[in-house]
Amino acid sequence: MMPALDAVTTPIIEYRAAERQPQVRRRQLGQIIVVQSSCQIIVVQSSWEIEPIRAALKLQSLPRGWDRAGSPPPGDAPVDRAIDVISSVAKLGFDDITAPHVFPVPGGGIQLEWLQGDRRLEVEVLPDGSTQFVTLKDGDPLKEGEYPLWPPTEAKSLFSWLVSGA
Amino acid sequence: MPASWAEDGSIPDDCRLWRAIPEQSLYPVDPNTGDQDFSDSAFLTHEVSVYAIAETTPQALATKFPGLRFRELTAGDARKFDLVVVREPDNVGDTSHAVIGRKDSPGARLKGSQAAKLKKASKWADLGPGQFPTAPPPVT
């Protein structure tokens, strides 16, 4: 018996650079994807990744001066790194992580904010693609530093702290 | 950028400062409470632009930043977090304008923890874009 469609498909995001409007579609697992030069195809692990990745991509369409202070929109480096961060979090194996909220940062960066009760984990991607994090409880900062994309054990400890507040 | 990042003695600790919050930094309004959260990334910059509300008016700021909401904090709040407040006319010469920057590293971006502290110390100065609370009538 054939499994249900959702059981054999996984969402992907197809980003058409010419249109700057990411489209979501589904593909069968194992399908070979031909990446055309005008498209960037991002394979995601979890459905919660789609909206924040889509939001990060859309930030590139912000007008210069979106903050009324002359800030540029985020460029390729912070957008690519923000997608890396989202994808890497999805691979940490937590079942109870929700999608981060995505915000532009003055100067051309991106901030990802994960909320869990009174706990918050913020990851800022700077314009050069480097990453910083802050953990907060009840709005008070507890810990900050360079966000560890590698090794995953360090990022896992941050998200373990986040979800333990649920 | 201010000519000097030396602390400005003309701005007392109880000076109320308003910061325009870009709409892209706002969370959706909570349908249950009517509250609206925002990202502290609105404070993540090299110099946080603020206006001394006693030296301007909400209407003037609403005209300068149409459609934006405002957070209010005091100069003393910023100073508690190892930040300095420096008077600096804005790009149209408005002298009610000041900037908040780092004391330990003048001209450098605020740290994430400092932005978070500014957010927590601040409160909404308005009821929504362009909507300001009516001042209570003077006591007679």
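This is a predicted model: local features need pLDDT of at least 70, side-chain atom pairs count only at pLDDT 80 or more; totals for chains, interfaces and linings use all residues.
Student: How many salt bridges does the rule find across the interface of chain B and chain A?
Tutor: Across the interface of chain B and chain A, the number of salt bridges found is four.

Student: Which three residues supply more than any other three of the area that chain B buries against chain A?
Tutor: Chain B and chain A bury about 1800 Å² between them, with 52% of it on carbon and sulfur atoms, and 23 residues of chain B are in contact with 23 residues of chain A. Of the area that chain B buries against chain A, 32% is supplied by three residues, namely B:Gln24, B:Tyr27 and B:Lys120.

Student: Why is strand S2 of chain B largely enclosed by the rest of the structure?
Tutor: Strand S2 of chain B covers residues 48-52, and being buried here means having under 20% relative accessible area. The strand is largely enclosed because the number of its five residues that are buried is four.

Student: In S5(B), which residue is the bridge partner of B:Tyr51?
Tutor: S2(B) runs antiparallel to strand S1 (residues 16-21) of chain B, to which two bridges join it, and there B:Tyr51 is the bridge partner of B:Trp18. Four bridges join S2(B) to strand S5 (residues 97-102) of chain B, again antiparallel, and in S5(B) the bridge partner of B:Tyr51 is B:His97.

Note on methods
Residues are numbered from 1 along each chain as its sequence is written. Chains are lettered from A and ligands numbered from 1 in the order in which they are written. Side-chain values use heavy atoms; hydrogens and water are left out. Buried means under 20% relative accessible area, exposed over 50%, partly exposed in between (1.4 Å probe, protein chains only). Two strands pair if DSSP finds at least two bridges between them. Contact means heavy atoms within 4.5 Å. Buried area is the accessible area (1.4 Å probe) that two parts lose on being put together, summed over both. A salt bridge is a side-chain nitrogen of Lys or Arg within 4 Å of a carboxyl oxygen of Asp or Glu.
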